[in-house]
Amino acid sequence: MPDNKKKFYLGGYYLTKLQTQKSGSGANRLVYTCSECINDNLVDTWAYSWIIDNDKQVQDAKENFQLSDIQVNSIRTWVDSKHKEKKLGWVNVFADLQTALEYRNKFFTHLNEIKVMALYFDETERRGILEEFKPQSENMEKIGLGVTLLNSVMEDKNEVFLGFDYIGIETDGSFHTFHCHDIGKELSDKFQLTLNDFGLFDSDDKSEQVLDYLNDEKNGCEPVPWFIAKTKIVMNK
């Protein structure tokens, strides 16, 4: 179980439609990760009006989320507005729970099984993400996780702990998970960890060793910086 004395900071809220895994050791199971490689986030590049040449992404979103053209346009207006207010970070990170719930209740009440999940990072990971993804010029935008982490919002103790996810973050703020490589059992065996029913690790024990392993490119993971994220779910909201 997590160390209750350690301080964790909010990276953001995600609205996620879980997908049953089709292959690998997790076939026919749900994995509670916010990574869009595994599950569908209800905000993505299709939801921003200024993104062009994304007709396929828009069509996929319409089919997957049962949206009309009118609804997509309404979503884009809302997303553009919240992005300017820094309540929605690039690419799909809600800075606060209220905004995440507003989006769900305004546009997606027709969908079932939408999970509201939050990612938290301890001080070491928080500093690492802010340093790694510091904008290199005035024209560069902070990734959503970075924007929220700068607010130093402490962990909400009323949310339900699911487990720890290991995520590899791309330059645009999207991220992979260790599940992309189906190495949950490998990590469990190698580092004596417990993979729980949510597809996450019960503890952040051995996180330094695990991160060293994931960040070593010869082990086959994406050549991006990997971090550990405490994952929680908002219940009865």
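Rings of Phe, Tyr and Trp (its six-membered ring) pair if their centres lie within 6.5 Å; planes under 30 degrees apart count as stacked, over 60 as edge-to-face and the rest as tilted. By that rule, a search of the whole structure finds 18 aromatic pairs.

This is a predicted model, in which local features need pLDDT of at least 70 and side-chain atom pairs count only at pLDDT 80 or more, while totals for chains, interfaces and linings use all residues. Residues are numbered from 1 along each chain as its sequence is written, and side-chain values use heavy atoms, with hydrogens and water left out.

**Aromatic pairs**

Two of the pairs are set out here.

| Pair | Centre to centre | Angle of planes | Type |
|---|---|---|---|
| Phenylalanine 8 and phenylalanine 164 | 6.3 Å | 45 degrees | tilted |
| Tyrosine 14 and phenylalanine 175 | 5.8 Å | 85 degrees | edge-to-face |

Helices (H or I, at least four residues) and strands (E, at least two) are DSSP runs, numbered from the N terminus. Phenylalanine 8 lies in strand E1 (residues 8-17) and phenylalanine 164 in strand E6, so their pair ties together parts 156 residues apart in sequence. Tyrosine 14 is in strand E1 and phenylalanine 175 in strand E7 (residues 175-177), so this pair ties together parts 161 residues apart in sequence.

Buried means under 20% relative accessible area, exposed over 50%, and partly exposed in between (1.4 Å probe, protein chains only). Phenylalanine 8 and phenylalanine 164 are both buried. Tyrosine 14 is buried at 0% relative accessibility, and phenylalanine 175 is buried at 4%.

**Cores**

A nonpolar core is a set of buried Ala, Val, Leu, Ile, Met, Phe, Trp, Tyr and Cys residues joined through side-chain atoms within 4.5 Å. The largest has 50 residues, and Tyr13, Trp46, Ile75, Phe94, Tyr103 and Phe108 have the most contacts inside it. Helix H3 (residues 97-107) gives the most to this core, with five residues. Apart from it lies another core of 22 residues, among them Met117, Ile167, Leu200 and Ala229.

Ring pairs also link Trp46, Phe65, Trp78, Phe94, Tyr103, Phe107 and Phe108 into a cluster.

**Strand E8**

All eight residues of strand E8 (residues 226-233) are buried. Trp226, Ile228, Lys230 and Lys232 point one way, and Phe227, Ala229, Thr231 and Ile233 the other. Two strands pair if DSSP finds at least two bridges between them. Four bridges join strand E5 (residues 114-122) to E8, and the two run antiparallel. Here alanine 118 has lysine 232 as its bridge partner. Eight bridges join E6 to E8, also antiparallel. Valine 160 stands opposite isoleucine 233 in E8.

**Backbone exceptions**

Most residues other than glycine have a negative phi, and most peptide bonds are trans. Serine 152 has a positive phi, near 55 degrees. Serine 152 lies in the loop between helix H5 (144-149) and strand E6 (160-169). Glutamine 192 has a positive phi of about 55 degrees. Glutamine 192 is exposed, with a relative accessible area of 57%. A cis peptide bond joins tryptophan 90 and valine 91, with omega about 10 degrees.
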